[in-house]
Amino acid sequence: MNLSIIIFILLFLMSPTPWTLLFNFSRLSKAEINFYKFNSPVFISEINFTRGQIKEAGIAIYGKIFINKFTYFMKDAGQRYLESFDSHFLFTQGDLSIEKSTRNSGPIYWIWLPFLGYGFYLCYKNRSKILVFVLLLPILGILIREEYETFSRLPFIIGMYYIVGLGVTEFFNKKKYYWTKALVLILLVFEYSRFLHYLLLHYPYLVGRY
Amino acid sequence: MKKIIFLLIFVVALFFRFYKITQVPLSLNWDETAFGYNAYSVIQTGKDEYGTKLPLEFKSVGDYKCPLFVYFLVPVIKIFGLNEFSIRLLPSLFGAMSVVLFSLLVNDLFGNISLSILSGMLLAISPWHLQFTRAQGDVALGSFFVILGLWSFNKWLKGGRWQIYLSSFSFSLALYSYFSERLFVPVLLLAIAAIYQKEIKKRLKPTIKAFLLGFLLCLPLVFSMLSSGQKGKILMTTIFGYQRPDEYLQKMKREDIFSGIFNLYHNQLVEYGLMVIDHYFNQFSPSFLFVKGPPDDRQKIYGMGMMFWSDVILLVVGMANIWLIKSKKKETALLFSWLAVAPLPAVITRDPVHARRAFEMVYPLMVILALGILGINKWYSRCKSKFRIIPIAVFLTIFFWSFGYYLLSYYLLTPLRTYQGPSGWQYGYKQLVEFVSPLKDKYNQVVIDTTYQGPYLFFLFYEKYDPAKYQPQAFLVKKDEWSLGEGRGYDNYQFRDIYWPRDRSLPKTLFAGPPERISKKDIDPKQSELLTTIYFPDGKEAFYVVATK
């Protein structure tokens, strides 16, 4: 098997997401999936309220063009697509639900950020189609009602780890930068152990396991 | 032709910065009134509101404002008087001038007229730039001097002689204009020194002279930075003064089995370090840039981020087309250093994101957006498909929709949602002063509630109260060491929290406060009378003005 694939699988297995989901497996397996509703009352009432304000200002036609179901849906869809790329989601906090995140780290460790950037650069340089594929994956996140939801973004997270894997493999194949490599490993051990410490010592209190 | 285009950019920038300048944002906020009244005080007495002669820091509500904007306001207020237009004239003017100067800078840096025109045009209509150059003056002023400093430095690099001194002078003025520049400018200068070290070494003498000039100009600033007020401000707003809550630390200690684990994972270096990293990347997050913007009412534009939705496309295409400026290695390095350094002032403060403190980001981002347009244009001219017009049409639709939505939001929807309180635009004080001021002599005392903070500034400002009379009465009351202060009062005015069950027994007193402080059902007609109600723009009640008998 290709070295970068092995590294990618290893990195993903070390990441917070599978551990957290496994930790709450029994609860999550019973959880309902809430799909995005185009006609939700909140959505409609916001449109009507805003339109009312525009109408009062005497420019109702302007309101019809800019504030309608289609534009609001597109805006909402755009927001949900883009929130997959939020550093707060990816690195700092992850899912808003405590059952899918320890809230102390996102699905990707901070240490992988430079490698993610490097991986993207390599994909772009080699005109790799995987880049387009990974950029399309967050579309799945639009389908779920909850913001920053992890399950619908799992394929995207896996895709991101693939790109991190590319960056890591390429970097560790270089024959220099010994100190940087050592530093990366130390920081990785630190981040991983920090995550495990949260998962085992603090997280059970957060989800009411004690 | 070039000159006409730059003039056109200036006219567009001016139009968007001056259109309804006194009506949107809805009202002056307390920072703006503080700048205005202190400038008025300097005109009348040569002193600030506390009677300090020509200070280098204006204490104001205890937030120690930078001095330059106040001094720049002096001639403006002298000519146009103490009013909304005077306060907002300079930021708009300097904002428009920044646009043209930035356009010229891009032209000088990259030698690409299309890139420079596009960058200028995009900046002229940028929601982020407009947000802070139509109001909240100090940031616009600081940013103008940064651009002027960079432009003149670049002119000097290309063979100029005196421009290095202008550059040094401009960067120094930027430090006197806005707090964020005090971190941004020195770090940017270090980056510039690293990028252009060869050129600087070749002309070391003028560089040292310019550095000394800048140092001398900034020397008074160093002393003012060491004042207790400035130290207090730094501790209050930055993470350096932040203390993790005791409950949090106790909880973590209890849950961690060994103290060693607690010390390893919850020490200040780790937790504050992660906070800083998080804050830094938040400034680049799509949620901040395109979707929601910052949480603060005064910075936000309802329903969008600090940039247009169409900018998502331009940013991605622009990044992919960086090779268009590849030959200009140093200039590209400068552009990215600028972008990397700009969020630093926002990073060290406690707010997770801050559009105002990271304002300098807007300039390099505009160059990347302009590269995006050039990239799209290049693709369009190369593409042979007859359907090539479709993605262009989609992009243009998104752009025009975003731009239209921005105008709708900025001029109508945002004011209806951001009018209230100190983090918003503090609407209602002007109307309150207009009602209360003519009545004040009929009462023993006039008590104005401080729930919406800073009323004394609005009363001083709109009454054009004689600073010579105010200075001996000026006294700042602070609830605790972490809060901003409130002016105690002047003449028969008192600015404090109203406690109606107690206060209603005060005879012949005029009260003005929000419904949370003066309950309508507790206004007993035998004891007191509701004179008027002042409303917010959406019809909610802002202030009750009640007189006791």
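The contact between the two chains takes 23 residues from chain A and 24 residues from chain B, where two residues are in contact if their C-beta atoms, placed from the backbone, lie within 7 Å. On the side of chain A that touches chain B, at least two residues each come from α4 (41-56), α5 (60-66), α6 (69-83), α7 (87-92) and α11 (178-206). By class, this side of chain A has ten nonpolar, ten polar and three charged residues; Ala, Val, Leu, Ile, Met, Phe, Trp, Tyr, Cys and Pro count as nonpolar, Asp, Glu, Lys and Arg as charged, and the others, Gly among them, as polar. The model is predicted, with local features needing pLDDT of at least 70 and side-chain atom pairs counting only at pLDDT 80 or more, whereas totals for chains, interfaces and linings use all residues. Residues are numbered from 1 along each chain as its sequence is written, and chains are lettered from A and ligands numbered from 1 in the order in which they are written.

Chain A comes first. Its secondary structure comes to eleven helices and zero strands, helices (H or I, at least four residues) and strands (E, at least two) being DSSP runs numbered from the N terminus. The C-alpha trace of chain A spans about 70 × 50 × 30 Å along its principal axes. Of the contacts in chain A between residues at least 6 apart in sequence, 71% join residues at least 24 apart.

One helix pair in chain A can be followed in detail. Helix α1 (residues 3-14) and helix α10 (residues 154-173) of chain A pack at an angle of about 125°, with their axes 8 Å apart. That angle makes α1(A) oblique to α10(A): angles under 35 degrees count as roughly parallel, over 145 as roughly antiparallel, 65 to 115 as roughly perpendicular and the rest as oblique. Axes here are lines fitted to C-alpha atoms, for helices over the stretch in contact, and angles run from 0 to 180 degrees between N-to-C directions. The contact includes A:Ile7 and A:Phe8 of α1(A), and A:Tyr161 and A:Leu166 of α10(A). Its residues divide into eleven nonpolar, three polar and no charged.

Strand β1 (residues 445-448) of chain B runs parallel to β5(B) and is joined to it by four bridges (strands pair if DSSP finds at least two bridges between them), and B:Val447 stands opposite B:Phe511. Four bridges also join β5(B) to strand β7 (residues 541-548) of chain B, in an antiparallel arrangement, where B:Leu510 stands opposite B:Ala547.
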